[in-house]
Amino acid sequence: MSEERYGEFVLVRRHGHVAELALDRPKAMNAVSTEMARSLGAACAALGSDSGVRVVVLTSTHERAFCVGADLKERNSFSDAELVRQRPVARGAYTGVLELPVPTIAAVHGFALGGGFELALSCDVIVADRTAVVGLPEVSVGVIPGGGGTQLLPRRVGAARAAELIFTARRVEAAEARELGLVDVLVAEGQDREEALGLAERMAANSPVGLRAAKKALRLGHGLDLRAGLEVEDAAWRSVAFSGDRAEGVRAFNEKRQPQWPGE
């Protein structure tokens, strides 16, 4: 396993074709400061352009929190002009995760609130342990979710449920979060990272070309009418149908062996 640090607060660990993107600001329960946001965006840009990365797992080094959201202590010191200047940096962190071209899995334990939950919502799959507490409490401090929450949450749970959760600013504990579809996989305390990495390994065994194309079709087709969605799927199919991965996959199936993906 190799490690690479992006700034002071973001760590990338390589597990073969799986990249673990670790939030590493434990003294602030991973509150997203300007510096941390900039580092997270840079790490995502590097991972997204790395053809050797097939799956990304978003984790936390803090024992009791995934991420508590924006750094409100820092925000309290901002002038209006500074807040405006900081906004693109903050957005870059969330869109960086959201726009990763490979499958992404969030491993959540403890608090995942505000921007912290939005980072998890930006992933394709959320694995949570039984200590997880999630929510979008922004209206309770006079703002709204600004990392994609108003758009990502209703896509998961529907408009009415998302409205109830955002307007009440309530926190949701793990069991209810699983029941409502706020998280996808619920595991025993302390097992979120292990489960997420295991799931990532199973995904990463598949064609890297196929994984990227499937994610693109899923993301671009979501919300379209069926006819338009099928056109998105067809375009994605055509992008892989004549690839080296497709040829190797069919050949390996007929030869009854594990494929050796060329990744092209």
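Q: At the start of H10, which backbone nitrogen does a side-chain oxygen of Asp225 reach?
A: That of Arg227, to within 3.1 Å. This is a predicted model: local features need pLDDT of at least 70, side-chain atom pairs need 80 or more, and totals for chains, interfaces and linings use all residues. Numbering runs from 1 along each chain as its sequence is written, and side-chain values use heavy atoms, without hydrogens or water.

Q: How many residues does H10 have?
A: 16, residues 226-241. Helices here are DSSP runs (H or I, at least four residues), numbered from the N terminus.

Q: And what is its reach?
A: 22 Å from first C-alpha to last, close to the 22 Å expected. The expected span is 1.5 Å times one less than the number of residues.

Q: Which residues of H10 are buried?
A: Gly229, Ala236, Val240 and Ala241 (under 20% relative accessible area, 1.4 Å probe, protein chains only). They cover an arc of only 135° around the axis, so they sit on the same side of H10. The arc uses directions from the axis to the C-beta atoms.

Q: Which are exposed on the other side?
A: Arg227, Glu231 and Arg238 (exposed is over 50%).

Q: What do the buried ones pack against?
A: Helix H9 (208-221) and helix H11 (244-254), with contact meaning heavy atoms within 4.5 Å.

Q: New topic. Which residues lie nearest the centre of the largest pocket?
A: Gly69, Ala70, Asp71, Leu72 and Arg75, out of 35 lining residues. Helices H2 (72-76), H3 (80-98) and H4 (115-121) each give two or more residues to the lining.

Q: Which gives the most?
A: H3, with six residues.

Q: What counts as a pocket?
A: On a 1 Å grid over the protein atoms alone, an open set of points where a 1.4 Å probe fits, with protein on both sides within 12 Å along at least five of seven lines. Lining residues have an atom within 4 Å of a point.

Notes. Polar contact = N/O pair within 3.5 Å; in protein donor to acceptor, adjacent residues only side chain to side chain.
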